Amino acid sequence: MVYPDREAAGRVLGTALEHLRDTDPLVLGLPRGGVPVAAAVRAVLGGDLDVLLVRKLGLPWQPELAMGALGEGGVVVLNRDVVDRSGVSQAAFLDVEQAELAELARRQAVLRERDPIPLAGRTVVIVDDGMATGATVAAACRVAREQEPARIVVAVPVSSPEAERRVRPECDELVCLWTPADLGGVGMAYTDFHQLADAEVVELLR
């Protein structure tokens, strides 16, 4: 099961989300790769399209393991158990936090042409082009939850079983079209998996 590109995957994913059509969903793409998928989902479902800018705070020596996450508006979510178990120093944590705050600010400056659409009370659909470890999507769910949406749905075209297990407790519903047992990387699910430029993301959001 290989998708021609992210847009095609999003159209198929949108049909699997038809039950959300009447909820006036807010479809949130995770930049960069999740945005073309989200745009295609929104074309099927209607509702609104926006990006969810979030940065995972990975352990310095194991970046895929999230100590927490940062979101816009000063939202900070900690994975207290990871912080406590790892013994990461405050100085090391702050170094990671400052680096990710800088990247979050850069993405805001480049990708945001208007204020974020409020999440409060909305059915929020968080979309990415796939989940290998699930850490970033799990972090996105926690950042979104802080803004009190009515419901959080995670929707992806492909995921590893491990990522599904990690993300499922973080959302109200998880929709994944394909969960291969041996997902070597999200790119294996696409014929065209080019690295998106910021300009492509901005054009899709317009």
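Are Tyr3 and Tyr190 buried or exposed? Both Tyr3 and Tyr190 are buried, where buried means under 20% relative accessible area, exposed over 50% and partly exposed in between (1.4 Å probe, protein chains only). The model is predicted, so local features need pLDDT of at least 70 and side-chain atom pairs count only at pLDDT 80 or more, while totals for chains, interfaces and linings use all residues. Residues are numbered from 1 along each chain as its sequence is written, and side-chain values use heavy atoms, with hydrogens and water left out.

**Aromatic rings**

- The structure holds 2 aromatic pairs; rings of Phe, Tyr and Trp (its six-membered ring) pair if their centres lie within 6.5 Å, and planes under 30 degrees apart count as stacked, over 60 as edge-to-face and the rest as tilted.
- The ring centres of Tyr3 and Tyr190 are 5.6 Å apart and their planes stand at 40 degrees, so this pair is tilted.
- Because Tyr3 lies in the segment before helix 1 (6-15) and Tyr190 in the loop between strand 8 (173-176) and helix 7 (198-205), the pair ties together parts that are 187 residues apart in sequence.
- Helices (H or I, at least four residues) and strands (E, at least two) are DSSP runs, numbered from the N terminus.
- Tyr3, Tyr190 and Phe193 are linked into a cluster by ring pairs.
- Arg6 lies over the face of Phe193, at 4.3 Å from the ring centre; a charge sits over a ring if NZ of Lys or CZ of Arg is within 6 Å of the ring centre and within 35 degrees of the ring normal.

**Nonpolar cores**

- A nonpolar core is a set of buried Ala, Val, Leu, Ile, Met, Phe, Trp, Tyr and Cys residues joined through side-chain atoms within 4.5 Å.
- The largest nonpolar core has 41 residues, of which Leu13, Leu17, Val27, Met67, Val125, Val127 and Tyr190 touch the most other members.
- Helix 2 (residues 34-45) gives the most to this core, with 6 residues.
- A second, separate core of 28 residues includes Ile126, Ala140, Ala144 and Val154.

**Helix 5**

- Helix 5 (residues 135-145) is mostly covered, as 8 of its 11 residues are buried.
- Among the buried residues of helix 5 are Cys141 and Val143.
- These buried residues pack against several elements, including strand 6 (123-127), strand 7 (151-156) and helix 6 (161-167); contact means heavy atoms within 4.5 Å.

**Val51**

- Val51 lies in strand 2 (residues 48-51) and is buried, with a relative accessible area of 3%.
- Not counting residues up to four places away in sequence, Val51 touches Leu28, Gly29, Pro31, Val35, Arg112 and Leu205.
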